Amino acid sequence: MDEKSHYSRLLIALLMVLCFGVIVLQYICPTSDCQLLHLASLSSRLGSRARGDRVNGAGAGDPYSSEDGALVRFVPRFNFTTKDLDRAVDFNIKGNDVIVFLHIQKTGGTTFGRHLVRNIQLERPCECHAGQKKCTCYRPGKRDTWLFSRFSTGWSCGLHADWTELTSCVPSFMGNRESQERLRTPRNYYYITILRDPVWRYLSEWRHVQRGATWKASKHMCDGRLPTLSELPNCYSGDDWSGCSLEEFMVCPYNLANNRQTRMLADLSLVGCYNLSIMNESQRWAMLLESAKRNLRNMAFFGLTEYQRKTQYLFEHTFRLSFIAPFTQLNGTRAASVEVEPETQRRIRELNQWDVELYEYARDLFLQRFQYARQQERREARQRRLEERRKLRAKVKSWWGVTGKTVFKPTKEPPMTEQSPIFSEEKQTDAGQTLESEKEGQVEDNWLVEDDRETILDYLENVEQWR
């Protein structure tokens with residue numbers, strides 16, 4: 001009987017503990033989804049943090065290193081000037097400045113374009129209505145747009161207009177919309193774009209064309225004229241190229257998908273636009289590549305599809321604007337679902353050799369800009385801490401000065417000797433003041449040592465992230 005009562009008391013105790021645990025869980029995590037996923041997400045966070053500790057060292061917990069650990073493996077290949085890396089511009093949304101988005105096909109530009117009109121914290125947010133493709137993005141207190149993009153002004157310079165078209169079209173287009181008073185005020189145009197890994201961008205465009213996309217409405221305007229049919233022939237004879245195989249897509253020599261990013265970022269006027277008879281192919285593409293690199297380097301901002309969080313950070317850092325919701329890295333694209341043999345991937349890279357070289361250059365510049373911006377951010381934070389310490393140090397000095405003062409009133413006293421008690425007291429006072437001075441010096445030294453230690457730690461942290 002005693003044994004049965006013992007087991008029953010133990011069972012009751014276990015049930016009470018279980019009920020208590022359920023109550024605590026309900027209090028901490030009331031929703032059912034949270035209850036089911038809380039432990040899994042906690043373990044994944046702990047696991048990723050542990051991996052970050054092993055990889056990043058001093059940079060553990062960095063939210064930007066979780067994309068693919070690019071900074072850990074990143075070794076700079078190109079030398080850029082401080083002007084190339086420092087891209088914080090004085091964008092005046094209340095003035096006349098305009099952001100111009102160069103949208104290259106299949107780079108994630110649609111998603112980024114929606115971020116621009118729906119996801120930025122603004123004094124006067126863009127007005128977007130259901131069923132309408134375009135949003136109204138006016139400046140505060142003005143009926144004047146600050147954004148030139150597909151989702152604000154539409155394809156006003158042509159469908160997926162390239163750098164050559166935009167730079168000649170946007171100023172005149174914006175000028176026609178403004179009054180004469182505003183035309184006298186200088187306007188800054190800040191060009192931005194998004195790039196993507198050439199192989200996956202190419203596959204994504206093939207899948208899009210396979211579904212019936214043609215982009216026949218693109219103008220390809222250059223030097224004031226449209227290209228002739230002989231300069232820019234079609235790869236298909238019907239209304240579209242739907243159902244084409246990847247092999248058919250790759251063998252067409254006129255396919256504009258080949259090296260699209262290089263061509264759309266370059267100044268086509270340098271090579272005679274679409275007239276291929278002016279120079280040989282290798283010379284033509286070499287000039288286009290250098291032009292694309294130069295334009296990309298001089299753009300206010302560009303992002304990479306493969307680095308969504310870093311793209312968001314650099315845009316916010318460049319324009320001093322903040323997004324409401326964070327960017328998400330989506331890997332489940334249609335191109336990612338395509339199983340491509342290594343040999344086919346190699347052929348795609350050969351077809352897009354200039355895009356491959358441009359992307360490697362852009363990725364290097366992008367990650368160096370990100371690294372530079374983060375270092376600048378840490379330096380500013382450290383400078384703020386040092387200013388706070390200096391203020392605190394001044395308070396400590398004033399405190400020591402007040403407590404260490406001794407006031408003497410001049411009186412007529414007999415001459416003092418070393419044996420007199422007053423001389424002895426004065427000697428002790430001098431010794432006390434000397435001791436306090438030494439303490440003050442020790443406090444000063446401790447501040448300096450701590451500052452030096454902070455600088456060394458910051459340097460070591462940067463070195464770790466460059467490895």
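At what angle do the axes of helix α8 (residues 198–210) and helix α13 (residues 342–351) cross? Before selecting them, a word on the model: it is predicted, so local features need pLDDT of at least 70 and side-chain atom pairs count only at pLDDT 80 or more, while totals for chains, interfaces and linings use all residues. Residues are numbered from 1 along each chain as its sequence is written, and side-chain values use heavy atoms, leaving out hydrogens and water.

**Stop 1: two helices**

Select 198–210 and 342–351: the axes cross at roughly 95 degrees and come within 9 Å. Here axes are lines fitted to C-alpha atoms over the stretch in contact, with angles from 0 to 180 degrees between N-to-C directions. That makes α8 roughly perpendicular to α13, a label for angles of 65 to 115 degrees. Now show side chains: Val199, Tyr202 and Leu203 of α8 meet Gln345, Ile348, Arg349 and Leu351 of α13, where contact means heavy atoms within 4.5 Å.

**Stop 2: a pair of rings**

Next, pick Phe78 and Phe80. Rings of Phe, Tyr and Trp (its six-membered ring) pair if their centres lie within 6.5 Å; planes under 30 degrees apart count as stacked, over 60 as edge-to-face and the rest as tilted. By this rule there are 22 aromatic pairs. The ring centres of Phe78 and Phe80 are 6.3 Å apart and their planes stand at 45 degrees, so this pair is tilted. Phe80 is buried at 14% relative accessibility, while Phe78 is partly exposed at 23%; buried means under 20% relative accessible area, exposed over 50%, and partly exposed in between (1.4 Å probe, protein chains only).

**Stop 3: a link across the sequence**

Move on to Phe91 and Tyr190, an edge-to-face pair with 6.0 Å between centres and 75 degrees between planes. Phe91 lies in the loop between α4 (82–85) and β1 (98–102) and Tyr190 in strand β3 (residues 189–195), so the pair ties together parts 99 residues apart in sequence. Phe91 is buried at 10%, and Tyr190 is buried at 13%. Both belong to a cluster linked by ring pairs, whose members include Phe101, Trp146 and Phe327.

**Stop 4: charges over rings**

Finally, select Arg260 and Trp215: the charged end of Arg260 sits over the Trp215 ring, 5.5 Å from its centre. For this, NZ of Lys or CZ of Arg must be within 6 Å of the ring centre and within 35 degrees of the ring normal. Lys310 sits over Phe370 in this way, with its charged end 5.6 Å from the ring centre.

Definitions and conventions: Helix = DSSP H or I, 4+ residues; strand = E, 2+ residues; numbered from the N terminus. Parallel < 35°, antiparallel > 145°, perpendicular 65-115°, else oblique.
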